Amino acid sequence: MVVIGREGATGTTVRLGHYRARDGSRGAAVDFDVDRPHVGLVVGKRGSGKTYTVGVLAEGLLAAEGVAPVIVDPMGAFTPLDTADVSATVVDPSVRAGALDPRQWCTVLGLDPERGAGALVWRAASERATLDGMRSWVADADVAASTARAATNHLALAESWGVFEPSGIETETLCSDCLTVLDVSGLDSRPAGAVLAAVATTLYDARIAEQTNRLPWLLVDEAHAFTDGVARRPLRRLVTRGRQPGVSCVLATQRPSAVAATTASQTDLLVAHRLTSAADIDALQAAQPTYLDGDFAARLPETTGDALIVDDSTESVHHVTVRERRTPHGGETPRASDSGADRGHEARAGGSEIR
């Protein structure tokens, strides 16, 4: 057995899969270190297996001691875990308004923090920790009526998202031994980004304040959806500074070119499935370590479920086939043939002619 992510030490691991030999045969087992914090990037075009790989990692974290796995699920791919015989909880998340700082409030509402309504929202977020409190503060502020009205309308929009509650999701829930799946599939990009920003901040602050002994693992599927919004700064902090307090972050994306270059450069575990976009390949090529010899594109796998793993901790490269999941996978693309349609209708449709 080979352990990726560490060299020479013992500790908790999760099974990723097995080596993929050149002749297609099954090689030695491959595990990944979860005893220490890591920054991971899982990439691949749609259908190549990246979400499946995140699920494999989540399964392993469920069985590991001393960790607190959290998945942000923008596509509903992990909601089947709620019915599986595992210690997983799927929640429609709510967060505290105070979990976002004043700058983040302006970002999520699309306001200029130095002008008019943006400056007013900034001040309200500095003075009050709840959304109702912010709205009351704006109502009592000595400003022009048009400015107060604009700020009030923006805060009303935030309230309509239904993700801000005075209590919000508890730190104890996020830092438990259970896998917490935050289902944001029913949210637009801005409220989903607000949830991710608040959760990333909460996990980081919980470790800084020594509120939990567990090491949090934040897994974010479809991470490219959050690269330009309110979650950008909290994610950047986890990627660049999270390992010191003990917070791991794993981002999965089909568009690595949309992920900040800082993320690729800080990653100590790259799991690359099949990619065909030149822009995405070039983005990874630019961050290619010196010990990865040869053409990066030529080393990418062709088969679904196979992966090229670059382990910066040991400065090594591995060709791996990801193991099969033990829990339901909700990330497969729906097919019309699975709909149970009337067979006679199918036969008629098959013989029809489009005019």
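So, the lining of the largest cavity: eight nonpolar residues, two polar and no charged ones. For those classes, Ala, Val, Leu, Ile, Met, Phe, Trp, Tyr, Cys and Pro count as nonpolar, Asp, Glu, Lys and Arg as charged, and the others, Gly among them, as polar. The lining is Leu16, Gly40, Leu41, Val42, Thr53, Val54, Leu57, Val250, Leu269 and Val271. Strand E4 (39-43), helix H1 (50-63) and strand E10 (269-272) are the elements that give two or more residues each. Helices here are DSSP runs of H or I with at least four residues, strands are E runs of at least two, and numbering goes from the N terminus.

Quick caveat: this is a predicted model, so local features need pLDDT of at least 70 and side-chain atom pairs count only at 80 or more, while totals for chains, interfaces and linings use all residues. Residues are numbered from 1 along each chain as its sequence is written, and side-chain values use heavy atoms, with hydrogens and water left out.

How much space lies in the largest cavity? About 70 Å³, and the structure holds one cavity of 30 Å³ or more. We work on a 1 Å grid over the protein atoms alone: a cavity is a set of points where a 1.4 Å probe fits but cannot get out, a pocket is an open set with protein on both sides within 12 Å along at least five of seven lines, and lining residues have an atom within 4 Å of a point. Points are joined across faces, edges and corners, and the volume is what probe spheres set on them fill.

Now the second largest pocket, at about 350 Å³. It has 23 lining residues, and Ala99, Ala198, Thr201, Thr202 and Asp205 are the closest to its centre. Helix H7 gives the most, six residues. By class we get nine nonpolar, eight polar and six charged. Domain 1 (34-93 + 169-324) and domain 2 (99-161) each supply at least three, with bounds from an automatic or database domain assignment.

Cys175 has its nearest cysteine sulfur, that of Cys178, 12 Å away.

Conventions:
A disulfide is a pair of cysteine sulfur atoms within 2.5 Å.
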